[in-house]
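Please look through the model shown below.

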Amino acid sequence: MSNIPETGRTTRITVRLIAIQILVFSLLLTLAGRLWYLQIRNGDEYTAEAASNHVQQVIQPATRGSILDARGIPLADNETRLVVSASRTDLMKMKDDGKAVLTRLAAVLDMKPQEVMDKVRLCDAKTPQPCWNGSPYQPIPITDEATTQQALQIRERAEDFPGISAEPTPVRRYAAPGDANAAQVLGYLSPVTDEEIKDAEKSESPLLRSDQIGRSGLERSYDDQLRGKAGITRYEVDNLGRVIGKGKSERAEPGSNVVTSIDARVQAIAEKELALAMKEARKVSDRNTGTNYKADAGAVVVMEAKTGRIVAMASNPTYDPNAWVGGISARDYRKLTGKKSNYPLLNRAIQGQAAPGSIFKVIPTTAAVNAGYRFSDRYPCPSSYSIGGQVFKNFESQGHGSITLGQALEVSCDTVYYGLSHQQWQKDGGINPKKHPKDWFYKTAHQFGLGKETGIDLPNEVSGRVPDRQWKKDYWKANKDVWCRQGKKGGDYAERIAYENCLEGMKMRAGDAVNYSIGQGDTLVTPIQMATIYSAISNGGTLYDPTVGKAVISADGKKVREIKPSSHGRLPMDAKTNRQINEALAGVATRGTAAWRFGGWPQDKIPMHAKTGTAEVYGKQTTSWFASYTKDYTIVMTISQGGTGSGASGPAVRNIYSAMYGVSPDGEIDRGKALLPEPQRRLPKINRDGTIEAKSFGEKYTAIGTTGRRPEE
């Protein structure tokens with residue numbers, strides 16, 4: 001019998017009961033709170049998630065729109081191929097991560113097992129190409145060149161190839177009509193990434209895991225219009241995955257077609273002439289070194305002078321954009337991105353920067369007139385010009401006596417511009433400038449549109465450089481620490497230069513000013529900038545925004561959005577100066593530095609205007625430039641390490657004009673052979689069914705629509 005009093009025992013039992021009650025009440029309160037949170041606070045979210053767990057989506061990719069030339073001929077369209085793909089999600093569920101399956105697949109496809117495995121690995125900072133940079137949850141294409149027999153083997157032996165599919169799929173095709181490659185203009189496609197999907201969630205054009213998007217060129221600039229909208233079919237399924245009903249579905253909407261101002265025939269000729277000019281330049285010896293010119297890269301732009309529309313744009317070295325279709329191989333990727341291949345992915349027409357040499361002289365000519373120097377006055381053109389102990393020579397050390405600014409353009413006299421720019425540098429205060437220097441030569445370059453992008457409808461355009469006072473200051477700030485460490489007052493040449501730059505690198509020296517005046521020194525321009533400038537001189541002064549896209553046409557042909565020409569300013573010259581410069585540039589082609597390349601040209605019927613340029617580049621051979629225009633078109637060509645302007649680029653430019661106007665070598669004009677006697681102002685004919693009628697191109701074409709068709713045999 002216990003000695004504990006009855007009252008004590010009762011008290012402990014009561015306490016325990018109360019504790020149990022509190023615990024039970026707390027649990028009930030927690031449960032009630034959790035139920036409120038799930039059903040009330042986040043009820044809609046969890047309801048939607050629960051519903052989605054029983055809905056499966058089937059994606060029908062949209063047919064990508066075609067990219068067409070000005071005559072309706074496809075530059076990029078689609079064709080159906082047998083595509084073999086792998087589901088990485090299914091492969092990762094296997095014990096060996098799908099290695100056995102991929103090895104069997106490689107044997108069927110006549111590929112190496114490692115090559116197939118590399119295709120399905122995910123890209124990251126440490127993983128080299130090839131790898132998959134798209135979403136890991138969408139099918140990864142292994143090849144788009146499977147034969148019917150290979151596809152049947154995979155489908156008939158499905159148990160041996162779990163996670164592998166072989167389906168007929170529309171894929172991109174870069175048609176290259178008449179060998180008009182246009183790779184850098186067109187660009188290429190690659191799979192969308194998870195990051196891009198997330199970024200596009202709230203945009204007007206959300207992305208799906210199955211999407212391919214443009215990575216460069218027109219494919220990127222007009223990606224939203226070309227891509228269309230994928231179709232989504234939603235199926236209701238039970239917990240076992242069996243279909244129990246069909247939910248709301250959305251039909252696929254094909255992408256729009258983009259009509260360009262490119263003429264495939266002129267494009268093919270421009271590419272051919274550029275490549276040939278580079279080849280011929282390599283046969284010529286550099287008289288300074290005795291070695292042949294390397295002619296390692298080049299670009300050419302053909303533009304409508306009165307609209308800014310691009311008729312042709314070529315860049316060399318080039319590549320085949322079809323290499324990206326279906327996933328690029330390791331070998332092709334190394335070729336396209338390696339230093340040895342000289343980076344063919346670059347569009348040197350808009351991304352290649354170089355000193356312009358003498359084709360720049362139209363700018364200091366205008367600057368001199370605006371600064372008060374008369375165009376018709378005479379200025380000394382000695383064989384050299386001295387500033388202190390430094391001597392600046394004319395090309396080939398030729399002197400021409402006393403000449404006008406027009407004659408200075410014709411014979412490309414450097415010393416005339418040396419003298420004018422030196423005088424202006426002195427008027428602005430020299431090495432210790434005034435508070436507000438006039439800076440005519442630099443101000444005018446900015447007014448011509450240099451130092452900024454032209455606004456062309458292609459991605460990744462670069463701005464070039466006008467080395468004015470502000471640039472000098474910024475450049476000095478960025479480099480002064482290095483200069484001061486390396487500089488030495490009595491050291492070798494490099495040490496002395498570094499020492500001077502450390503002390504006065506922010507100042508505009510006389511040598512900087514005179515070098516700049518002939519397009520040398522730190523000045524950088526792009527071919528598209530110079531084409532825009534020379535087109536403006538041709539058309540009376542309007543600086544048009546260069547455009548490749550001419551119209552966007554919906555897949556059914558009912559909606560047409562024409563891309564009309566627009567301008568970003570005017571040249572800083574009056575009508576008189578424009579006329580005088582026009583006359584001088586015509587003189588370049590008839591009696592000046594380009595005359596030997598345009599002998600026999602029908603100048604009375606098709607007036608030709610030109611300017612040659614030979615730019616010196618530190619540590620490299622000279623850059624060849626040739627800028628020209630007629631009343632209709634402007635052509636600018638450049639060849640890196642190609643020699644002189646008229647020597648390397650001149651013949652190619654003439655040949656392009658001859659093809660466009662139908663001019664024979666002896667100067668006769670045959671309009672029947674002319675590709676483009678006049679700029680094309682109209683869009684291709686749109687048929688009632690939405691297809692676009694392509695004009696003849698030396699091959700018989702049928703009407704093409706969003707999928708495109710090959711030329712008829």
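**Backbone, helices, salt bridges and patches**

Asp97 lies in the loop between α3 (88-92) and α4, where helices (H or I, at least four residues) and strands (E, at least two) are DSSP runs numbered from the N terminus. This is a predicted model, in which local features need pLDDT of at least 70, side-chain atom pairs count only at pLDDT 80 or more, and totals for chains, interfaces and linings use all residues. Residues are numbered from 1 along each chain as its sequence is written, and side-chain values use heavy atoms, with hydrogens and water left out.

The phi angle of Asp97 is near 60°, a positive value in a residue other than glycine. With a relative accessibility of 39%, Asp97 counts as partly exposed; here buried means under 20% relative accessible area, exposed means over 50%, and partly exposed is in between (1.4 Å probe, protein chains only). Ser412 also is not a glycine and has a positive phi, of about 55°. Ser412 is found in the loop between α15 and α16 (414-427) and is buried, its relative accessible area being 11%. Another backbone feature is the cis peptide bond that joins Asn316 and Pro317, with omega about 10°. Pro317 has its place in the loop between β12 (310-316) and α12 (330-337).

Helix α4 (residues 99-109) has the buried residues Val101, Leu102, Leu105, Ala106, Val108 and Leu109. Seen down the axis of α4, these fall within an arc of 160°, so they line one face of the helix; the arc is that of the directions from the helix axis to the C-beta atoms. The face of α4 turned away from the buried side carries the exposed residues Lys99 and Ala107. An α-helix has 3.6 residues a turn, so residues three or four places apart point the same way.

Which residues are buried in helix α6 (residues 148-156)? They are Gln150, Ala151 and Ile154. These cover an arc of only 100° around the axis, which puts them on the same side of α6. Thr148, Gln149 and Glu156 are exposed and sit on the face of α6 turned away from its buried side.

How many salt bridges does the structure hold? There are 23, a salt bridge being a side-chain nitrogen of Lys or Arg within 4 Å of a carboxyl oxygen of Asp or Glu. A network of salt bridges links Arg64, Arg172, Glu219, Asp223, Asp224 and Arg227. Asp223 and Arg227 are both buried, and for Arg227 the relative accessibility is 9%. Arg227 also forms a salt bridge with Asp224, where the closest N and O atoms are again 2.9 Å apart. Arg227 and Asp224 are separated by about one helical turn because they are three residues apart in α10.

A further salt bridge joins Glu410 and Arg591, with the closest N and O atoms 2.9 Å apart. This pair links distant parts of the chain: Glu410 is in helix α15 (residues 405-411) and Arg591 is in the loop between α22 (575-590) and β21 (609-615), 181 residues apart. Glu410 counts as buried at 10% relative accessibility, whereas Arg591 is exposed at 58%.

The surface has patches, which are made of residues with over 30% relative accessible area and no salt bridge; like charges are joined within 9 Å, and nonpolar side chains (Val, Leu, Ile, Met, Phe, Trp, Tyr) within 5 Å. Accessible areas come from the Shrake-Rupley method with a 1.4 Å probe, and for residues only the protein chains shown count as cover. Ile20, Val24 and Leu28 make a nonpolar surface patch of about 280 Å². Leu28 has its place in helix α1 (residues 6-41) and counts as exposed at 53% relative accessibility.

Lys427, Lys434, Lys438 and Lys443 gather in a surface patch of positive charge. In this count Lys and Arg are positive and Asp and Glu negative, while His and the chain ends are not counted; the place of a charge is taken as NZ of Lys, CZ of Arg, CG of Asp or CD of Glu. Lys443 is placed in helix α17 (residues 440-447) and counts as partly exposed, at 42% relative accessibility.
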